[in-house]
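Please look at the sequence and the structure below.

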Amino acid sequence: MPTDRPTEQLLAALESEDGGLRHLRRLPARRAVRADWPEWVPAEVRDVLGDNGITLPWPHQAEAATHAFEGRDTVIATGTASGKSLAYLLPLLTEAASGGEGRTLYLAPTKALAADQARAVGELAVPGLVPAIVDGDTPFEHRQWAQRFANLVLSNPDLLHHSLLPRHRMWRSLLKNLKYVVVDECHVYRGVFGAHVALTLRRLLRLAEHYGADPTVIAASATAADPAASLSVLTGRPAAAVTEDRSPHPGATVGLWEPVAYEVDGEPRQASTLSETARMLAQLVRRGVRTLAFVPSRRGAEIVAAEARSRLGADPAAGRIAAYRAGYLREHRRDLESDLREGRLLGVATTNALELGIDVTGLDAVLLCGYPGRLASFWQQIGRAGRGDTEALAVMLAKDDPLDTFLVHHPEAIFDRPVEASVCDPSNPYVLAGHLCLAAEELPLKESDLASIPGSREVAEQLCEQRLLRRRPGGRYYWVGAERPEVTLRGSGPMGVDIAETSTGRLIGTVDAAASHRLVHQGALYLHQGESYLVDDLDLEEGLALVHAAKPPWTTTTQEITHLEVLSMRERLEMGEAALSLGEVEVTSCVISYQRRRLPSGEVIDTQSLDLPPQTLRTVAVWWTVDPESLDGLKDLAGSLHAAEHASIGLLPLVATCDRWDIGGLSTAAHMDTELPTVFVYDGHPGGAGFAEQAFRRWREWLGATRDAITGCECGTGCPSCIQSPKCGNGNEPLSKRGAVVLLDKVLKAGEGPVKTVAFAAEPEAKEDDLWPGDF
Ligand SMILES: [Zn+2]
Ligand SMILES: [Zn+2]
């Protein structure tokens, strides 16, 4: 239907071939509101900003800056392009322009973002400000110069952890005068990575205090639930939050799109989301619409750009489409960014490399190839569109998985739900132990250093037993180990497996040890950035997999057996015929064989056994049980539990800030610890990362959405959009779609009746007898 709204015309055009539009939401325009400069901002700073087109701040900028100026830890959590950087720049520019001694350490999650900030700050040319980038690429002399002269050091948590803190004596002058610590894009610090960064920040604040400084932390975050609490978890100190975005926006129309189904063996299957994204990108570019398409993988970004170009054929607009991703040379990326900013490029297919702060705004349209996993990312990506007064267009195209299927049919779960909180758990003993060693090596630990982290004294005592720390009379812990322990902030530890080409020794990539058995066992077909390799040998002792390039007409999948033991219970909800529990578990899994499967049919060619050692993981799990007596008539109990497990893993990112790949699961018709039909879902990281706990706290929402995702799927007996899992160790067998719904209904129904909450003490072995059943 023709209309005068440009975005609706566009949508109508996108729909013209085959309609997949499931929902349309209009986000209203926001008018700008200006605030006065806070009176503490000196004239020099106002003038410089004025020369750069910033005549007055928005209220959220002024408010956050004043909190920080007055010494309160503050987080500003507002949308993309809402000028968050001015909030942290004002206090430090003021300090520099007033000739103060105070220095600032700015931390970004990526080198690219720190470089982008350095460029922006350099262009401002505020008198007295001496910025310097210090990252892994900075030569020694430049670091020395920065140590002595820079009053704004731009860096990242990795450098802080690996270099600045261990050599803190060389950085004494910075630490002694440290007035502000800026933590940019702090919502990125979640899960295990977040726990590492939280402990690294605590180490920084402790050393600053040692040298006599008391810095204020200023954080910038994408919109998030309870950002003040998230910053507090990162720093261990109270924080204020500014969350009301008062910057202008032209408004946007957001569409949720489900690629159309076609039939395979009588079952509906979705068209490829990548192809559908490329089709839309081509259509928009043909109309001169500046469009950014977010694609979940590097290879996907290349495919979408190439396919969109080929769809345009001889149209000159084809030359104005490019891909953008990490791995390109820095200069090339800078060129692409400016080509996009200035309109020479019309369409860019990008990974989330363009999601973080880098200044690319002023686009007409954004396409999301699949739900990006988190609402915060969804809004961050959508927020890239919006130029001048023209309403923006954004379309999210669903992938072929349970979460995306659920979301396009339940738009309220996107639009009418608060964004997730950034969850991390710095008291995870597996993360904490390493940082306590490092901190003690940097400076002996005092009682007060341990006070803000629950469980840290116990971990310190264990480290004493291992003769890594020693407690001296007076209560301080000293580092007495031989070598400083190796702790990496990203990834699951130093035990990665390198993948190298057999003939040349060329390093192709790394996988973490936990995944290596599944991905690079002998005989595996390993995919890396679109290239495929056959694994000749996996040497676990050396941590090396040898491969050669190959393109066979088949793929490989592994089979594994998994055993799960409940170590202790934290909490249980008793609901009559069902119960839900949270506790510590030990998961032992062993990859026993692999199958070669013909492409594209998936037919099994043969099965080869493997001789790999079992791997164990101690972590946190959420699990639910049902009373088998209440299930009479349910035929395939194992398949029903298994299907419910897969779908619930797929939907967990709805309530916890995790990826499907951060989580594992196990289902069984009679578990030896619960003695009941049970579905376990556990954090895939040693010690847990807080995901299972979130699932437990929000179980109704989680399992309710799981049920709706299954019933909402149009397939007959199960497909990748509902109950099949790409990482199943059992070849997706057995699975019962109907039975999964029966089970989930049972649990949800039970939760409507009386629920008894049982909390367990920290040492269940010792206290279990006292607790049962008298204490509640
Ligand atoms: Zn399905
Ligand atoms: Zn499975």
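By about how much of the helix are His642 and His646 separated in helix H21 (residues 637-651)? They are separated by about one helical turn, because they lie four residues apart in that helix. Helices are DSSP runs (H or I, at least four residues), numbered from the N terminus.

This is a predicted model, in which local features need pLDDT of at least 70 and side-chain atom pairs count only at pLDDT 80 or more, while totals for chains, interfaces and linings use all residues. Residues are numbered from 1 along each chain as its sequence is written, and side-chain values use heavy atoms, without hydrogens and water.

His642 (NE2) and His646 (NE2), together with Cys728 (SG), coordinate the zinc ion (ligand 2) at 2.0 to 2.3 Å. Donors here are N, O and S atoms within 2.8 Å of the metal (3.2 Å for Na, K and Ca); water is not among the atoms, so sites may look incomplete. Along the chain, the donors have the spacing H-x3-H-x81-C. Both His642 and His646 are buried (under 20% relative accessible area, 1.4 Å probe, protein chains only).

There are three cavities of 30 Å³ or more. A cavity is a set of points, on a 1 Å grid over the protein atoms alone, where a 1.4 Å probe fits but cannot get out; lining residues have an atom within 4 Å of a point. A volume is the space filled by probe spheres set on the points, which are joined across faces, edges and corners.

| Cavity | Volume | Helix giving most lining residues |
|---|---|---|
| Largest | about 70 Å³ | H10 (residues 227-235), three residues |

Among the residues lining the largest cavity are Cys186, His187 and Tyr189. Leu92, Glu95 and Asn151 are among those lining the second largest cavity.

Conventions: Chains are lettered from A and ligands numbered from 1 in the order in which they are written. Helices (H or I, at least four residues) and strands (E, at least two) are DSSP runs, numbered from the N terminus. Buried means under 20% relative accessible area, exposed over 50%, partly exposed in between (1.4 Å probe, protein chains only). On a 1 Å grid over the protein atoms alone, a cavity is a set of points where a 1.4 Å probe fits but cannot get out, and a pocket is an open set with protein on both sides within 12 Å along at least five of seven lines; lining residues have an atom within 4 Å of a point.
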